[in-house]
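This report sets out selected features of one protein structure. Please consult the sequence and the coordinates alongside the text.

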Amino acid sequence: MDICGYPIWVVLLICLGVFLASFMDAIGGGGGIISVPCYLLAGIPVHFALGTNKLSSCIGTVASAVRYVKNGCVDWLLAAPSVILALAGAHVGTRLQLIVEEQYLKFLLLLILPVIAVILLKKKSLPEVRGAMNEWTRRAIVWGSSMIIGTYDGFYGPGTGTFLLLAFCCLAKVDVRTASGNVKLVNLASNIGALATSLFAGKVLVPIGLIAAVFSVTGQYLGAGLALKNGSKIVRPVILTVLVLLAGKVLLELFGVM
């Protein structure tokens, strides 16, 4: 039995990777670092892999976003403008991608990622409670970060959720649960924009994406529950894992392996 020309066992292997990616993504972001290579290893062409991954990840992200919202872990005053600014940033980033070589950003990431990792290692935990800060300053940091990281998402993308979470927690002093909920809404908005573009371009294997979405929903739901229960105890090590994986991905791409 084939699905879109691919054996069922290949699709099931993709689904397993999507589940693991979604579980990690719900906790600390960066799921695409795992899920996209799974599609590519299955032999799916890169544009179809990216588009199909957006379909499964969008549906899955809704599950974790709803769980955070139901638990009151979203600051809507921060989230609503963040969504709009992230969408605008993603548009700008996509336009920049057409005129700037990706290698420059990859070299910059190799300099930035170790610094972020050191800062995170020095912090014993991410904030469990909202830190003291002028609210307008907090809003400026959250909204500005959403715009800047949204631009990065449009330009390159991997690790977007992780960078948003670190900015919200470490710079804006938002508690880790609320920050995670806000990140899900911002990331969902940028993913929907990318999915719409891929659908219009005919670059989505819809049957495979919908099957994988079942596993994505499960992974996102379970991961969000674990993050809500354990807070920074589980979020911090997952973020460090994402940073290491992202650094490895960038290095492999620069050496032409991926």
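Predicted model: local features only at pLDDT ≥ 70, side-chain atom pairs only at ≥ 80, totals over all residues.

## Salt bridges

A search of the whole structure finds 5 salt bridges. One of them joins the side chains of K184 and D25, with a distance of 2.7 Å from N to O. Because K184 belongs to helix α8 and D25 to helix α1, this pair ties together parts that are 159 residues apart in sequence. Both K184 and D25 are buried.

Two further salt bridges involve E135. The side chain of E135 meets that of R130 at 3.6 Å, N to O, and E135 also forms a salt bridge with R138, where the closest N and O atoms are 3.0 Å apart. E135 and R138 are 3 residues apart in helix α6, so about one helical turn separates them. Salt bridges with shared partners join D75, R130, E135 and R138 into one network. R138 counts as buried because its relative accessibility is 1%, under the cut-off of 20%. R130 is partly exposed, with a relative accessible area of 33%, and E135 is likewise partly exposed, at 32%.

The structure holds 2 cavities of 30 Å³ or more. The largest cavity has a volume of about 50 Å³. Its lining consists of D25, A26, I27, G28, G29, G161, L165, S180, V183 and K184. Helices α1, α7 and α8 each give two or more residues to the lining of the largest cavity, and α1 gives the most, with 4 residues. By class, this lining divides into 4 nonpolar, 4 polar and 2 charged residues. D25 and K184, which line the largest cavity, are also the partners of the buried salt bridge described above.

The second largest cavity has a volume of about 30 Å³. It is lined by A86, S146, I149, G150, D153, T160, L164, V186, N187 and S190. The elements that supply two or more residues to the lining of the second largest cavity are α6, α7 and α8, and the largest share, 4 residues, comes from α6. The lining of the second largest cavity comprises 4 nonpolar, 5 polar and 1 charged residues.

## The second largest pocket

About 480 Å³ of space lies in the second largest pocket. The pocket is lined by 17 residues, of which I112, I116, I149, F163 and A167 are the closest to its centre. Two or more lining residues come from each of α5 (102–122), α6 (135–155) and α7 (160–171). The largest share of the lining, 8 residues, is supplied by α5. By class, the lining of this pocket has 16 nonpolar residues, 1 polar residue and no charged residues.

## Nonpolar surface patch

I8, W9, L12, L13, L16, L20, I211, V214 and F215 form a nonpolar patch on the surface. Together these residues have about 840 Å² of accessible area. At least two residues of the patch are supplied by each of α1 (8–28) and α9 (206–230), and α1 gives the most, with 6 residues.

L20 is one of the patch residues and is located in helix α1. L20 counts as partly exposed because its relative accessibility is 48%.

## Selected positions and distances

Two loop positions are considered here. P158 is placed in the loop between α6 and α7 and counts as buried, at 16% relative accessibility. P158 and K249 are 91 residues apart in sequence, and their C-alpha atoms are 9.1 Å apart in space. G43 is found in the loop between α2 (32–41) and α3 (46–70) and counts as partly exposed, at 48% relative accessibility.

C170 lies in helix α7 and counts as partly exposed, with 24% relative accessibility. C170 and L96 are 74 residues apart along the chain, and their C-alpha atoms are separated by 28 Å.

Definitions and conventions: Residues numbered from 1 in each chain as written. Heavy atoms only, no water. Patch = residues over 30% accessible without salt bridge, like charges linked within 9 Å, V, L, I, M, F, W, Y side chains within 5 Å. Areas by Shrake-Rupley, 256 points an atom, 1.4 Å probe, with all protein chains shown as cover. Salt bridge = Lys/Arg side-chain N within 4 Å of Asp/Glu carboxyl O. Buried < 20%, exposed > 50% of the residue type's maximum accessible area, 1.4 Å probe, protein only. 1 Å grid on protein atoms, 1.4 Å probe; cavity = no way out; pocket = protein on both sides within 12 Å on 5 of 7 lines; lining within 4 Å. Points joined across faces, edges and corners; volume = space filled by probe spheres on them. Nonpolar A, V, L, I, M, F, W, Y, C, P; charged D, E, K, R; others polar.
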